[in-house]
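Please view the sequence and the structure below before reading on.

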Amino acid sequence: MPTQGSILHSPLTRLTSMLHNEKTGGALLLVATVAALVWANSPAGETYTVLRETAVGPDALQLHLTLGQWAADGLLAIFFFVVGLELKQEFVVGSLKRPRVAAIPVIAAVGGVLVPAGIYLAVNVAAADGAVEGWAVPAATDIAFAVTILAVVGSHLPSPLRVFLLTLAVVDDLLAITIIAIGYTDDVSATALALSAVPLAAFGALTRRGVTRWWVLVPLALTTWTLMHASGIHATVAGVLLALTVPVRPARRSTVPSRISTTERGLSGLFAERLQPWSSCVAVPVFAFFAAGVAVGGIDGLRQSFVDPVTIGIVLALVVGKPVGILSATFGMSRLPGMRLDAALRWRDLTGVAILAGIGFTVSLLIGELAFGVGSAREEHVKVGVLSASLLAAVIASSYLAVRNRSYESATTQRNQGKSGATVTLD
């Protein structure tokens, strides 16, 4: 018979488990996207625009921003903080620890950035009304959507396939962040940038000593973010830099009083665990809600979008360029001396993951805003291109991987049944 405590705690336990589930974040992201599209294209579409353009915040700190800007600059910093934590863990203790193992998905990510960028540029340079400044829009893979789809349709696929996708997505997000910091920053305030290093260093010093109290760390993180925003560099970069200062391994000793410290585990994993639900279930869906609300304008509006070389370049880059770049880079690296793919990975499965990487949602929309300006006609066309390409890549990849999953499921069933002792082979 369950105790009173177990009855009281079971709903909270189920809620916590649900929020940590990758599928929950993906589902909320999808709901937010659909809600934004429906609202923006409804008779009340103007109210959506008014909400997104409502400005709040203090002018004195250069933080009188619209809600859309707060979502892109503020909430996405949480997302990039978690991404940075995951990336550092992979490099220090995870799948990227051994260079030979890490090299293939890392170079695959590079190929998945360069080839789409090349396709986009080829389309827009050749067009009389092309716009080359959007070349980085198809750079990144949306981690939340891609991992969710793989989790839904790939229950029997090899686990190294998920590791490959995560590594690929995290690395190309890092590349996209670097592109944002270098390519989409106009005027930089050296003073504000230099000052941001002070709270950043303090944050890193305290986390290395085991400090975990939010009232100690959050003000330092917010100060770093505010100064980074004031410097002119996109404020999401602060999230990555803060994450890279957090130790992965537990401290051997701490000089900080025990009431505000912990040395039992690395803080990188602890912070990632605590913030992952806030990132995937709050920050990313809210950003998607404010970023994805493009007023299509009916059939005429869609027609106008799809004759724009910006839209055409994005769709071709994500749907064709991503898989071509990833697979060609993976093939080339795996043929070098000393380099070898995980034995559990098959090229047919990697093909499905490469297509899945064409889902370029969150960061792609962000780069579109930076490249063309929020509310501009070209930025609206970027949204149409990104949403269309991501939907197409998701449908193709999920259908393909579902077939592969059934093949693995069938093989597993045969092995369990032990049919005539025969060796089971996959299609």
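## Nonpolar surface patch

On the surface, I78, W278, V282 and V286 make up a nonpolar patch, with about 320 Å² of accessible area together. Such a patch joins nonpolar side chains (Val, Leu, Ile, Met, Phe, Trp, Tyr) within 5 Å, from residues with over 30% relative accessible area and no salt bridge (a side-chain nitrogen of Lys or Arg within 4 Å of a carboxyl oxygen of Asp or Glu). Areas come from the Shrake-Rupley method with a 1.4 Å probe, and for residues only the protein chains shown count as cover.

Helix α11 (residues 267-291) gives the most to the patch, with three residues. Helices are DSSP runs of H or I, at least four residues, numbered from the N terminus.

## Model and numbering

The model is predicted: local features need pLDDT of at least 70 and side-chain atom pairs pLDDT 80 or more, while totals for chains, interfaces and linings use all residues. Residues are numbered from 1 along each chain as its sequence is written, and side-chain values use heavy atoms, leaving out hydrogens and water.

## Nonpolar cores

A nonpolar core is a set of buried Ala, Val, Leu, Ile, Met, Phe, Trp, Tyr and Cys residues joined through side-chain atoms within 4.5 Å. Buried means under 20% relative accessible area, exposed over 50%, and partly exposed in between (1.4 Å probe, protein chains only). The largest core has 96 residues; among those touching the most other members are F80, F164 and F287. Helix α7 (residues 159-183) gives the most to this core, with eleven residues. A second, separate core of 16 residues includes L85 and F203.

## An enclosed helix

Helix α6 (residues 143-153) is largely enclosed by the rest of the structure, because nine of its eleven residues are buried. Among them are I143, F145 and V153.

Technical notes:
Helix = DSSP H or I, 4+ residues; strand = E, 2+ residues; numbered from the N terminus. Patch = residues over 30% accessible without salt bridge, like charges linked within 9 Å, V, L, I, M, F, W, Y side chains within 5 Å.
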